[in-house]
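Here is a friendly walk through the structure shown below. Keep the view open while you read.

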Amino acid sequence: MIRRIGFAPLLIIIVGMALTLRVLGLNWDLGTHLHPDERFMVWVTTDMKWPGSIGAYFNTAISPLNPYNTNRDSFVYGTFPSFLVKAIAGVFDKDVYGELHLVGRAVSAFFDTGTVVLTALIGRRFWSERVGLLAALFLAFTPLMLQTAYYFTVDSFATFFVVAAFWFAVRSWDRHSIAWMAVAGVMVGLAGASKPNALLCIVFLALPALELVRTSGWRALIPTVRDRVYPAVAAGVVGGLFAFSTFRIAQPYAFVGPHWWSVGLNQQWLDDLAFWRTVQTGLVDMKPSVQWFDRTPVLYIMQNLVLWGMGVALGISAMAGLGVLVWRLLHSTTWPDWFMLGMAGWSIGNIVLYGTGIAQNQRYLMQIYPFLAVFAAAALIEVADRWRRWHLGRILLGMVTLYTIVYGLAFTSIFVRPITRIEATEWIFENVPAGSMISNEYWDDPLPLPLAGYDRGLYPTMTLDLYGDESADNSKVTTLVGQLAQIDYVVLSSNRIIDSVARQPERYPVADRFYEMLLSGELGFEPVQEFTRGPAIFGLEWNDLSAEESLLVYDHPQVRIFKKTDSFSAQHVYDELNVAWGSGGLHYIPGDPAPDQMLLSDTDIATSVQHGSWSDQFGSGVIQRYPLVFWWLAIQAIGLVSWPLTWRLFGHLPDAGAMLAKAVGLLATVAITLTLVSYTSALFTRSTILVALLILGLVSAGCTRRHTSRFIGDIRTRWQVFLIGEAFFTLAFTLIAMMRGWQRIAPDAELAQFTSVMRSSSLPPLDLWFSGGILHTYWVALLPWVSVGRLLGIEPVAAFGLTIATVVALTAALVGSTVSLLTRSRLALLAPIIVVAASGTGFTEGLAPQWLQGDVPLSMLAMLPLIAMLLLTLIGRRDHLRWPLLATALALGAIVAGAEWGIIVGAGLLFVGLMLPALQERIDTDPWWPVVRRSFARAWLWQRLVWPSGIPLFPPTPRRIAIWSHHISGLWIHW
């Protein structure tokens, strides 16, 4: 069909449908401004005034466009959407509070439709025309995209510019064009000027340069005049400059001013961003944050994405498509396309970034929805092409597409039918006697709404502060009962407060009991009307009351109305609420753990008493007399158990994954042990750890089934490499263990935590004081080493010292054996020494001096094996990688062990190491250095031959200008 009709006509049809769906029912709330963020945007935008000059525009202190100059203490949105909508509204004479929001919604719908177009282009570029059109169709009917397009907020703007930045970076690569990179930079700037955190998309500007390195090597970054390669460095610089300049113009009040060249950042803006970042962590007590309390990281945001943000069919397809893409990228025999890595990394990065914060708002993921739609379309079309038997693949494709379209249409119906709050308002005017006292909830929109043709003043209202503090005294109970005595109707305008306080019942015992009594009728109010409306079409309606708040309460909340009955008794209500209050609610903010997460259960306490004695866990046999030997044997045994697994995964490495097996074995054993303790009745004991090792051994054995001969063959052919690694490991382990033995063991917080974990038979472990609480530190990082200690029954002090020795030894073995194999030089012995002993700020504050003082933080050392593992995964067989890999090892060691200057030292080492192969090749083939040297020498002489007045000794004649131009162009070309 695509060949007959063509890609462009079909895309136009999809775009037409997308735009139509987004502008139907534009005034869906009849001017009542029910979206709080939109309401705030309209307030600020209408209060803004155009400055009288360009100078005033950039003068942050006096500009009437500056949101902070419109009596607003906070404005963390981008200013570009407000500027654009205000300008358009002014053209149509709509720059007033009651009409500007409609202009903003129309512009938002336009940008969201533009995102549909970009999605089609990306799908076609990286897969096929079918994928591009299907992805555009999916995005056109995606519920979250539809919903956000109906609001004048910044999300649709930011999403468009983020996707556009990626697309134009791709165009720059395809066309070898600096101009397209400039456009990409403009898109990055506008993305940040729409939503500050969207500035992260600046990473897209680096993708063409990385792709050039992948396809042509590092040398291509310094092309000669004869080369015909993408000008990556110049394009990156131009893109960055355009991004900054655009952000400077479109978000001028992020800077202090007063001139356009004044690029110092505005401290008020920075403080504003910092405050709201703190709010996002839950460390500031904000009412909207209560809803996020105790949500499962990542899983909650993913659940809402699949169920409601995209719809079940498309959501599952998108996750499957992303999973398949990541699997293929990881298992690629060559370094994968950087643009594919960029799409996958951007999607996963956003999920992790916003899924691990306290506020897991679905609209924060809008910037990955276009890419997810492409992944879903690609996966479904591939399945349709492969599963041809009984047309199963095509049936699956058709079902997902049909469900997505139907659900998208059903969701759009919300905005073309009267919304629940308007229906409830009309019901109140028609059924509630005038003069009746109606309640509303603090932090929610009160009913009745101010609708045209109705007199809202007929109904006095009273606000119930269910979010009020309950920790000091029972004044909240007294106030609430007094209000209920005067109220005739209790109205729940949405489930915002009732669902939130239920998440912190220890903090809001009175509010929680109030809602319980209200719903059961015990309060003395009976339900008289309920308004619930979900996405609906063809008589089919979706119940989405379990969706997160922002997907529900703005445009189709559940509204419930309760009428007072004769059974209401103020004394009874007071008694019940006062009993619920007890001695006061426990005041804790959303960022704090719940009370039941801070204490051990009665079962865990009993278990600790029964199994936690020192003599039961740490004996006095031969293992305790020779802990060094048996610890070393235990690490070797764990490595042998997991070696077949790492051989299958990393068999291409020089040692076939032998050294990596120790680290993988420790981590896998801990993962299995933690799973057994968390989801079964198993305790954290020696027997559970042995079971975990047995399970790991079975998995490992399964990896070599049918490959035993190859495994044995690799051992026979690579035994010298294995011996080198083991020699490094054993030598480093012995030396560091002896060094720790010479040191005085002083009381240490980490040692205390280590002891607590070793003493505990349950997880989370006992706290430091064994007082019935649990340990609230990053104790999971200690589990690999604690498990070895528990397995052997070694006392914590000895196990702690051996842990440090093992971490350092493992790092030394991985780095030393790897670098020696790559460089074929005895100087490789310096690599592990520098990485684990001497790297630091100026090589004076590294690990070695701290070891000598007995002050090595275990948290620092715990990172070293992971860094070495990362290094091993980068290893190839090509000889020219030896310098980059050596530089990577040194740089990572400097970063981890080097305090504040470690990053700078590491970045410098890494840059030099990565450039050495390219520079060496240039020296061998092209005498570029003499040209550079002469150019710099002439520039220095010219600077010296200048009068103090600034007049040169030799006037710039046309001939001299031509000579200078020749030198400058020669310098540019050769660099």
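## A buried serine

Let's start with serine 550, which sits in the loop between β6 (540-541) and β7 (559-564). Helices (H or I, at least four residues) and strands (E, at least two) are DSSP runs, numbered from the N terminus. Before going further, know that this is a predicted model, where local features need pLDDT of at least 70, side-chain atom pairs count only at pLDDT 80 or more, and totals for chains, interfaces and linings use all residues. Residues are numbered from 1 along each chain as its sequence is written, and side-chain values use heavy atoms, with hydrogens and water left out.

Is serine 550 buried or exposed? Serine 550 counts as buried because its relative accessibility is 6%; buried means under 20% relative accessible area, exposed over 50%, and partly exposed in between (1.4 Å probe, protein chains only). Setting aside residues up to four places away in sequence, serine 550 touches Gln147, Asn361 and Arg363, where contact means heavy atoms within 4.5 Å.

## A threonine in a helix

Threonine 425 belongs to helix α19 (residues 420-431). With a relative accessible area of 0%, threonine 425 is buried. A polar atom of its side chain lies 3.0 Å from the backbone nitrogen of leucine 449. Apart from neighbours within four places in sequence, threonine 425 is in contact with Leu447, Pro448, Leu449 and Leu451.

How many residues does the largest nonpolar core have? It has 135, and those with the most contacts inside it include Ile122, Phe138 and Tyr369. Such a core is a set of buried Ala, Val, Leu, Ile, Met, Phe, Trp, Tyr and Cys residues joined through side-chain atoms within 4.5 Å. Helix α9 (residues 155-175) gives this core its largest share, 14 residues. There's also a second, separate core of 45 residues, with Ile689, Val757, Leu763 and Leu814 among them.

Back to isoleucine 122: leaving out residues up to four places away in sequence, isoleucine 122 touches Val163, Phe166, Trp167, Met343, Phe371 and Val374.

## An exposed methionine

Methionine 399 is found in helix α18 (residues 392-416). With a relative accessible area of 54%, methionine 399 is exposed.

Definitions and conventions:
Polar contact = N/O pair within 3.5 Å; in protein donor to acceptor, adjacent residues only side chain to side chain.
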